[in-house]
Amino acid sequence: MNRRPAHLTMREEQILACIRLSIAERGEGPTISVIGQAVGLRSKGSVAYHLRNLEERGVLIRDGRSWRTCRLAR
């Protein structure tokens, strides 16, 4: 089921921008720690929560078990 909202939250947009930049510069997604530092979240669990939400909404697609293997759906 695709539960994509009409808009993303500011935090979700920040996370997506971090992922886009990492993929453009290095060819792979950033680690959860790097995302947390970039968007100002201390807890890895909080970052993982946002990433899971983005994945459920269909914005991110994870090819493997790690978030570093994610790609943007749009």
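**Salt bridges and their exposure**

A: This is a predicted model, in which local features need pLDDT of at least 70 and side-chain atom pairs count only at pLDDT 80 or more, while totals for chains, interfaces and linings use all residues. Residues are numbered from 1 along each chain as its sequence is written, and side-chain values use heavy atoms, with hydrogens and water left out.

Side chains of opposite charge can pair when their charged atoms come close. A salt bridge is here a side-chain nitrogen of Lys or Arg within 4 Å of a carboxyl oxygen of Asp or Glu. Across the whole structure, a search finds four such salt bridges, including those described below.

Exposure is judged by relative accessible area: buried is under 20%, exposed is over 50%, and partly exposed lies in between (1.4 Å probe, protein chains only).

One of the pairs joins Arg26 to Glu28, with a distance of 3.5 Å from N to O. Arg26 is partly exposed because its relative accessibility is 47%, and Glu28, at 34%, is likewise partly exposed.

Another pair links Arg62 with Glu55, whose closest N and O atoms lie 3.5 Å apart. Glu55 has a relative accessibility of 27% and therefore counts as partly exposed. Arg62 is also partly exposed, with a relative accessible area of 27%.

A further salt bridge connects Asp63 and Arg71, and here the closest N and O atoms are 3.1 Å apart. Asp63 has a relative accessible area of 53%, so this residue is exposed. Arg71, by contrast, is partly exposed at 40%.
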